[in-house]
Amino acid sequence: MTHPRETPRPARAGRTVLGAATVAMGLIAGVFYAFACAVMPALARADDRTYVAVMRDINDVIQNPVFFLSFMGALVLTAVSAWQLRGSAGGRWAGAALVAYTLAFLVTVAFSIPLNDALAGGGTPAPLREHFEGSWVAWNVVRAVLSTVALGCLARALLRTGAAAPADGPRAAR
């Protein structure tokens, strides 16, 4: 029985979706973080021709079912979780995660993908890199921050919903 001021814990399915959203978000936040901390600083040391060739290869290779499953899955699972948790203790946190990741998703669509597409076109490596590098790196940092914020919000939602504890554990007895 819940206290009158408490909201009920979500059903197991809701906690499962929240857990899956958190894992997917962690994977995506990790990708953006790895690019910000390692991939792009390493490529900054390369000459223009190498830089453009490697980024073209990365942009080709990353378009695969595994990446798309986590990239789109983080959005869909977070949206479903926010809907399932509405009115519960973790609902606001899941909603905040959805807002943060939606912004990261929009940054990808509005800035990162067009920059990737421009880099894929023909041209001399130096001007291609000059147009691409600074903007792409900056927008990737924005994506890394927003997806990390979303991950933190989902983790908080997990804690607030009691998803980390078994349904029949000590919390259920309260």
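**View A. Of the contacts in the protein chain (heavy atoms within 4.5 Å) between residues at least 6 apart in sequence, 78% join residues at least 24 apart.** The model shown is predicted: local features need pLDDT of at least 70, side-chain atom pairs count only at pLDDT 80 or more, and totals for chains, interfaces and linings use all residues. Residues are numbered from 1 along each chain as its sequence is written, and side-chain values use heavy atoms, with hydrogens and water left out. The protein chain has 6 helices and 0 strands; helices (H or I, at least four residues) and strands (E, at least two) are DSSP runs, numbered from the N terminus. Read from the N terminus, the order of elements is α-α-α-α-α-α. Of the 174 residues in the protein chain, 37% are buried; buried means under 20% relative accessible area, exposed over 50%, and partly exposed in between (1.4 Å probe, protein chains only). The accessible surface of the chain is about 9,600 Å², and carbon and sulfur atoms account for 67% of that surface. Accessible areas come from the Shrake-Rupley method with a 1.4 Å probe; for residues, only the protein chains shown count as cover.

**View B. I28, F71 and Y101 touch the most other members of the largest nonpolar core, which has 25 residues.** Helices α1 (12-43), α3 (65-84), α4 and α5 (125-161) each give two or more residues to this core. The largest share comes from α5, with 7 residues. A nonpolar core is a set of buried Ala, Val, Leu, Ile, Met, Phe, Trp, Tyr and Cys residues joined through side-chain atoms within 4.5 Å. Apart from neighbours within four places in sequence, F71 contacts I28, F32, Y101, F105 and T108. A second, separate core has 11 residues, including V52, L119, L128 and F132. In soluble globular proteins, nonpolar side chains tend to be buried together.

**View C. L154 is in helix α5 and has a relative accessibility of 0%.** L154 therefore counts as buried. When neighbours within four places in sequence are set aside, the contacts of L154 are L18, A21, T22, M25, T78, A94 and A97. R92 is 62 residues from L154 in sequence, yet the C-alpha atoms of the two are 9.8 Å apart.

**View D. T148 lies in helix α5 and is partly exposed.** The relative accessible area of T148 is 40%. T148 and F32 are separated by 116 residues in sequence and by 9.1 Å in space, C-alpha to C-alpha.

**View E. Salt bridges that share partners join D48, R129 and E133 into one network.** A salt bridge is a side-chain nitrogen of Lys or Arg within 4 Å of a carboxyl oxygen of Asp or Glu, and the whole structure has 2 of them. One is formed by the side chains of R129 and D48, at 3.2 Å from N to O. R129 is in helix α5 and D48 in helix α2 (residues 48-61), so this pair ties together parts that are 81 residues apart in sequence. R129 counts as buried because its relative accessibility is 8%, while D48, at 29%, counts as partly exposed. The side chains of R129 and E133 also meet in a salt bridge, with an N to O distance of 2.9 Å. Both R129 and E133 lie in helix α5, 4 residues apart, or about one turn of the helix. Both R129 and E133 are buried. Side chains of opposite charge can pair when their charged atoms come close.

**View F. V99, L103 and L106 make a nonpolar surface patch of about 270 Å².** Patches are made of residues with over 30% relative accessible area and no salt bridge; like charges are joined within 9 Å, and nonpolar side chains (Val, Leu, Ile, Met, Phe, Trp, Tyr) within 5 Å. L103 is placed in helix α4 (residues 91-120). With a relative accessible area of 42%, L103 is partly exposed.

**View G. C37 is partly exposed, whereas C153 is buried.** The relative accessibility of C37 is 44%, and the relative accessible area of C153 is 9%. A search of the whole structure for disulfides (pairs of cysteine sulfur atoms within 2.5 Å) finds 0. A disulfide is a covalent bond between the sulfur atoms of two cysteines.
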